[in-house]
Amino acid sequence: MNDQNKNLILATILSFAVIVAWTTLFPPEELPVDPATEAVQTLDDPTLPATDPVAPTATTPTDVPEPVSEAPRIPIETSELAGSISLLGGRIDDLALTNYRETIDEDADIVRLLKPVGEPGAYFASFGWTATDGLDPAAVPGPDTLWTLESGDKLTSNSTVTLSWDNGSGQIFRSEIAVDDEFMFTVDQSVENTTSSPIAARPYGLLRRHGEPADLKNFFILHEGMVRMTDGELEETSYDKITDYAVDPRERTQAERLNVAESGWIGYTDHYWMTTLIPEQGVPFRSTSKYFDSRDLYQAEAVMPIETIAGGETATVTTRLFAGAKEWETIRDYEEEEGVPGFLDSIDWGWFFFLTKPIFALLHYLNIFIGNMGWSILALTVILKIIVLPLAYKSYVSMAKMKELQPEMEKLKERAGDDKQAMQQGMMKLYKENKVNPAAGCLPILLQIPIFFSLYKVIFVTIELRHAPWIGWIEDLSAPDPSSIINLFGLLPYAAPEPGSILSLIFIGILPIMLGVSMWLQQKLNPAPTDPTQQMIFAWMPWVFMFMLGSFASGLVLYWIANNIITFTQQYAIMRSHGAKPDVFGNIKSSVKKKSAAAEAEKKDGK
């Protein structure tokens, strides 16, 4: 077996096997809270009291169902959003993303992000106050307070609405709600103290989710669950980890809370959608993630410092709520132009973030220029191959030299016979005299592995690839190729197997077949190894990868096909420039003849 073949087998099989096995068996753990740090964080801050009434237990027992919202509603209507606000608790609990549908069908349902209590998967945002000095707990608005519409009749990107609630004790609470033309709400909470005595109250915002999302992917490559930024430190906690929280006596339930000194946010992220509470930056607040086991409730809170309001004065606190799609450009603008620190990290870039971030940014700008995500992936592949060309060139030159040394290697093998040590010493001497690095052939494969996984992450995670068409039958680059050999790729009047079924893994589509063929042709640049076992491995490898990647996103398979074609062209040209003459058709014929000879031998043995 020549050394470039050995390098290819080792680099491809072992690298893929190790990375996939390690990632599957040992997914990255959420960082636990250090006891010393926890001790510091749980010290009572004079502006953030330890007791916490922001919970269902503050008004009703946790085993009593929340009331179904039958209160009046205020419509929400923007270019991106549609829904309504309930006057019960001032809840933003009915929100649809008008530019996104559940499937690629034209009549598919629009994606609903938030749902009111009483519907399956209820999920809402609410803003209120907790009482401290000079106020009775019943004298502040909470999640179940019935507000009054004071001004405005519809929330749009050009008009706000104001809710008010008079507690009958001299304080008037107001919430002025605005929304931009994307996905960001701004809630100005104010309290007017009409008495002559000072009062103190603490504003908060909360996100409450009933159970896990119905469409939870629960896939190791994707984070779904709580996400928060705490003074520059990103924390991601999956739903099953949240249910493992220890009971915090200060919160009266399972919880983990952190005191934010300068900047941060907290919320929940799904595959493509997210809700996030963003208090005023530069002001301390308490970031709390909770779980109520008896009701299967997940709750994220941003609890702001105490506001002391003198008689005749008004205090106002502003909190923002992001509720929408995780569009890269939109989230980037919120971070860079609207002052939400680290907001781009709410997209799960993974372990190879140093690759996934620039790769997606380049893909995004290519798509803006080209206007088609499929062609943009092909353009991205060309650019990536140009970037790694210097290293690839050295590698292919080394492989060409190795091919030139093949006759000398065969002579050495004949002289050494069964003496492995002599064979090894002779090979090393031969490499040294001809200035050949036998390991250099692994470089292109090793370089492709992190790029492959980074692009896989980008295609799987980012919403820009969701339902993005390429050509003809490829209408969603984030989904597997929908064509199937079982119906001759649509020529026969049979439906293709359902994605994810066993049949779909066997009766693959056009792109996976093209992938297998491109890998097979790439192999034919070199003669087949003489060792029967190695020859069998090489013979099966393209077709194993063809079926293995057949269920992957078509955008990823498209990248891999383009990468194989470019690699084939580069390697062929470089080998020719160094005197080697790859006989592709000859190698194909040779492999066919060997198979025919093997079949004849089996027939004779059978007789």
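**Figure 1. Polar contacts of S159 in the predicted model.** In this predicted model, the side chain of S159 reaches the backbone oxygen of K154 at 3.0 Å. A further polar contact, of 2.7 Å, is made between the side chain of S159 and that of T156. S159 is placed in the loop between β6 and β7, the latter covering residues 161–166. With a relative accessibility of 27%, S159 counts as partly exposed. The view also includes V179, which is 20 residues from S159 in sequence, while the C-alpha atoms of the two residues are 8.3 Å apart in space.

**Figure 2. The open sheet of nine strands.** The strands follow the order β6-β7-β8-β9-β20-β16-β15-β11-β12, and their pairing is antiparallel. Strands β6 (148–151) and β12 (233–238) stand at the edges; each has a single partner strand, so one side of each is left without a neighbour in the sheet. From one strand to the next, the twist averages 20°. Within this sheet, strand β9 (residues 184–193) and β20 run antiparallel and are joined by nine bridges. S190 stands opposite T316, a residue of β20. In a regular strand, side chains alternate between the two faces of the sheet.

**Figure 3. H271 in the loop between β15 and β16.** The loop that holds H271 lies between β15 (264–269) and β16 (273–279). Both of these strands belong to the sheet of nine. H271 has a relative accessible area of 6% and is therefore buried, the cut-off being under 20%. The side chain of H271 is joined to that of K217 by a polar contact of 3.5 Å.

**Figure 4. The aromatic pair of F322 and Y334.** A search of the whole structure finds 26 aromatic pairs. In the pair formed by F322 and Y334, the ring centres are 5.9 Å apart and the planes stand at 80°, so the arrangement is edge-to-face. The cut-off for this class is an angle of over 60 degrees between the planes. F322 belongs to strand β20 (residues 314–325) and Y334 to helix α4 (residues 328–336), so the pair ties together parts that are 12 residues apart in sequence. F322 is buried, its relative accessible area being 0%. Y334 is buried as well, with a relative accessible area of 5%. Ring pairs link F322 and Y334 with F183, W265 and F343 into a cluster.

**Figure 5. The aromatic pair of F452 and F453.** The ring centres of F452 and F453 are 5.6 Å apart and their planes stand at 90°, so this pair is edge-to-face. F452 counts as buried at 2% relative accessibility. F453 counts as buried at 16% relative accessibility.

**Figure 6. Strand β3 and its partner strands.** Strand β3 (residues 91–101) is mostly covered, with eight of its 11 residues buried. Strand β2 (residues 81–86) is joined to β3 by six bridges, and the two strands run antiparallel. R91 in β3 is the bridge partner of S86. The hairpin of β2 and β3 has four residues between its strands, and G89 takes a positive phi near 75° there. Strand β4 (residues 110–114) also pairs with β3 in the antiparallel sense, over four bridges. Here R112 in β4 is the bridge partner of A96.

**Figure 7. Arginine side chains over aromatic rings.** The charged end of R91 sits over the ring of F124, at a distance of 4.4 Å from the ring centre. R91 is also the residue of β3 that is the bridge partner of S86. In a second example, R209 lies over the face of Y123, 4.0 Å from the centre of the ring.

**Figure 8. Helix α6 and its N-terminal cap.** Helix α6 (residues 373–387) has 15 residues, which should span 21 Å at 1.5 Å a residue; its end C-alpha atoms are 21 Å apart, in agreement with that value. N372 caps the N-terminal end of the helix, with a side-chain oxygen 2.9 Å from the backbone nitrogen of G374. G374 is among the buried residues of α6. An α-helix has 3.6 residues a turn, so residues three or four places apart point the same way.

Key. Residues are numbered from 1 along each chain as its sequence is written. This is a predicted model: local features need pLDDT of at least 70, side-chain atom pairs count only at pLDDT 80 or more; totals for chains, interfaces and linings use all residues. Side-chain values use heavy atoms; hydrogens and water are left out. Rings of Phe, Tyr and Trp (its six-membered ring) pair if their centres lie within 6.5 Å; planes under 30 degrees apart count as stacked, over 60 as edge-to-face and the rest as tilted. Buried means under 20% relative accessible area, exposed over 50%, partly exposed in between (1.4 Å probe, protein chains only). A charge sits over a ring if NZ of Lys or CZ of Arg is within 6 Å of the ring centre and within 35 degrees of the ring normal. Two strands pair if DSSP finds at least two bridges between them. Axes are lines fitted to C-alpha atoms, for helices over the stretch in contact, and angles run from 0 to 180 degrees between N-to-C directions. The expected span of a helix is 1.5 Å times one less than its number of residues. A polar contact is a pair of N or O atoms within 3.5 Å; within protein, one must be able to donate a hydrogen and the other to accept it, and residues adjacent in sequence count only if both atoms are side-chain atoms.
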